[in-house]
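My entries follow the order in which I looked.

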Amino acid sequence: MNILLLGSGGREHALAWKIAASPLLTKLWCAPGNAGIAREAECVALDIADHAAVIGFCKANAVDLVVVGPETPLAAGIVDDLGRAGIKAFGPSKLAARLEGSKGFTKALCSEFAIPTGAYGRFTNAADALAYIRAQGAPIVVKADGLAAGKGVVVAQSLREAEDAVAMMFDGAFGTAGTEVVIEEFLSGREISFFALSDGDTAMALATAQDHKRVFDHDQGPNTGGMGAYSPTPFVTDNIHAEIMAKIIQPTVAGMKARGTPFRGVLYAGVMLTADGPKLFEYNVRFGDPECQVLMIRMMSDIVPAMLACCDGQLKNFDLRWFPDPALTVVMAAKGYPGDYAKGTRIEGLDEAGKVEGAEIFQAGTIAKGGQILANGGRVLNVCASGKTITEAQRRAYLAVDRINWPEGFCRRDIGWQAVERERAP
Ligand code: AMP
């Protein structure tokens with residue numbers, strides 16, 4: 001098969017690595033890709049926002065399957081446009097991608113199909129939103145309805161913070177993403193990420209994962225796109241797993257089908273394990289980054305037939321196998337991230353780091369120039385490792401991190417701490 005992967009981050013490097021291992025593959029391209037992806041695929045300088053250009057490339061190169069990594073092209077309807085041109089694509093349609101593209105849409109779906117989630121209100125003006133917040137009290141969560149590059153959520157500890165967030169959103173801080181604001185009950189408990197594939201009819205759980213959003217150790221500092229992740233999360237017991245499938249994932253797939261907008265692709269549920277059971281607080285419609293990196297390391301089966309089964313409505317009789325060994329990834333970011341940071345700094349030692357037992361290094365924001373690998377973004381490297389235990393995976397990942405010579409980079413030193421603590425004192 002000829003496959004075209006869209007995207008340029010660590011998630012796409014992990015997907016490219018996994019797809020490249022498929023015996024079904026003839027040729028893999030990635031648009032636009034990065035320096036690490038170039039080891040697995042031929043990178044092409046296509047503008048993925050230009051759907052006609054992507055379709056033209058697919059026709060010229062007899063592409064059999066397009067795999068869409070990030071959410072923006074999904075929300076823009078690239079899967080629909082490819083489908084109309086007769087090209088198979090893995091990922092949800094534009095209407096199904098509203099599960100991520102509109103928080104209000106997802107909350108309404110939860111109400112309609114009795115999916116457990118926090119109480120909420122949807123608002124298109126500040127006065128009503130403020131009245132609701134004052135009636136509910138703090139802590140409370142304020143969310144821009146649309147896609148805001150992971151920045152549109154404010155978990156407000158005080159009324160003042162919530163009021164400021166509402167004012168900021170209606171003032172246009174997130175552009176049209178903030179013309180509607182969703183105010184949600186603050187859910188307390190342990191937060192986990194749950195992944196499932198769907199072909200529109202059937203849902204199949206993938207492995208669980210846990211990410212670390214705050215920039216500094218001990219979960220301090222501002223939120224980021226994710227500073228590390230591990231899989232599986234020991235906090236999703238078999239019972240909780242079954243409950244999430246039965247009460248959240250399956251009703252979502254059934255609800256989307258009933259509405260005439262079946263969901264095909266990866267469902268990534270943000271779930272809070274509350275005292276009243278698991279509650280959904282958000283959906284994403286693609287793999288998480290960096291959770292995808294640990295999922296790909298743990299996936300034993302070929303991913304390509306699984307993606308085809310999603311496209312073709314054949315998931316019902318499908319099965320995926322996983323390596324039992326846990327995997328962990330440490331994100332190395334440019335100093336200053338998630339604020340301002342320098343680009344173009346030199347990274348050395350990647351080959352040595354990759355030789356650590358069980359280690360695999362995926363590149364996110366990198367560029368190759370004159371035989372050197374240079375940093376080209378905020379989150380730059382994903383240093384991954386597997387091991388017999390999460391403690392061993394963690395030790396190996398940091399062994400690999402310490403072989404990388406990149407003075408302008410930094411990472412958290414405590415990725416996986418909850419699971420490591422649990423291994424020490426179960
Ligand atoms: P997001 O940018 O949508 O991933 O949300 C950022 C973070 O906000 C999540 O990872 C959660 O930790 C937190 N969050 C979102 N909704 C809620 C909620 N209803 N209650 C508590 N925390 C929440």
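**Entry 1. Ground rules.** I noted that this is a predicted model, in which local features need pLDDT of at least 70 and side-chain atom pairs count only at pLDDT 80 or more, while totals for chains, interfaces and linings use all residues. Residues are numbered from 1 along each chain as its sequence is written, and side-chain values use heavy atoms, with hydrogens and water left out.

**Entry 2. The sheet with β6.** I took helices (H or I, at least four residues) and strands (E, at least two) as DSSP runs numbered from the N terminus. Two strands pair if DSSP finds at least two bridges between them. I found an open sheet of 4 strands in the order β6-β9-β7-β8, with antiparallel pairing. β6 and β8 (153-156) stand at the edges with a single partner strand each, so one side of each has no neighbour in the sheet. Neighbouring strands here are turned by 15° against each other on average, direction ignored. For such angles, axes are lines fitted to C-alpha atoms, for helices over the stretch in contact, and the values run from 0 to 180 degrees between N-to-C directions.

I then followed the pairs. β6 (residues 120-123) and β9 (residues 181-185) are joined by 4 bridges, and Gly121 has Ile183 as its bridge partner in β9. Between β7 and β9 I found 5 bridges; Val141 stands opposite Glu184 of β9. In β6, Gly121 and Phe123 make up the covered face, and Tyr120 and Arg122 the uncovered one. I recalled that side chains in a regular strand alternate between the two faces of the sheet.

α6 lies across β6, β7, β8 and β9 and runs at about 140° to β6. α8 (residues 159-170) lies across β6, β7, β8 and β9 and runs at about 5° to β7.

**Entry 3. The sheet with β10.** I found another open sheet of 4 strands, ordered β11-β10-β16-β17 and antiparallel in its pairing. Its edges are β11 (203-205) and β17 (277-284); each has a single partner strand, so one side of each is left without a neighbour in the sheet. β10 (residues 190-199) and β16 (residues 264-274) share 10 bridges, and Asp199 has Arg264 as its bridge partner in β16. Helix α11 (residues 303-312) lies across β10 and β16, at about 70° to β10.

**Entry 4. The ligand.** Which residues are closest to the ligand? Among the 14 residues that surround the ligand, the closest are Glu184, Glu185, Leu187, Glu191 and Glu282; a residue counts as near if one of its heavy atoms lies within 4 Å. I looked up polar contacts, meaning pairs of N or O atoms within 3.5 Å; within protein, one must be able to donate a hydrogen and the other to accept it, and residues adjacent in sequence count only if both atoms are side-chain atoms. An N or O atom in the side chain of Glu184 is 2.4 Å from a nitrogen atom of the ligand.

**Entry 5. Helix α13.** I checked the length of α13 (residues 390-401). The expected span is 1.5 Å times one less than the number of residues; for 12 residues this gives 16 Å, and the end C-alpha atoms are 16 Å apart, which agrees. Its buried residues (under 20% relative accessible area; exposed is over 50%, partly exposed in between; 1.4 Å probe, protein chains only) include Ile390, Ala393, Ala397 and Val401. Their cover includes β18 (327-334), β23 (379-386) and α14 (417-424).

**Entry 6. Backbone details.** Most residues other than glycine have a negative phi, and most peptide bonds are trans. I noted a cis peptide bond between Ala138 and Pro139, with omega about -5°, and another between Asp289 and Pro290, with omega about 25°. Ala62 has a positive phi near 50° and is partly exposed, at 46% relative accessible area. Ala114 has a positive phi of about 55° and is exposed, at 65%.

Technical notes: Contact means heavy atoms within 4.5 Å.
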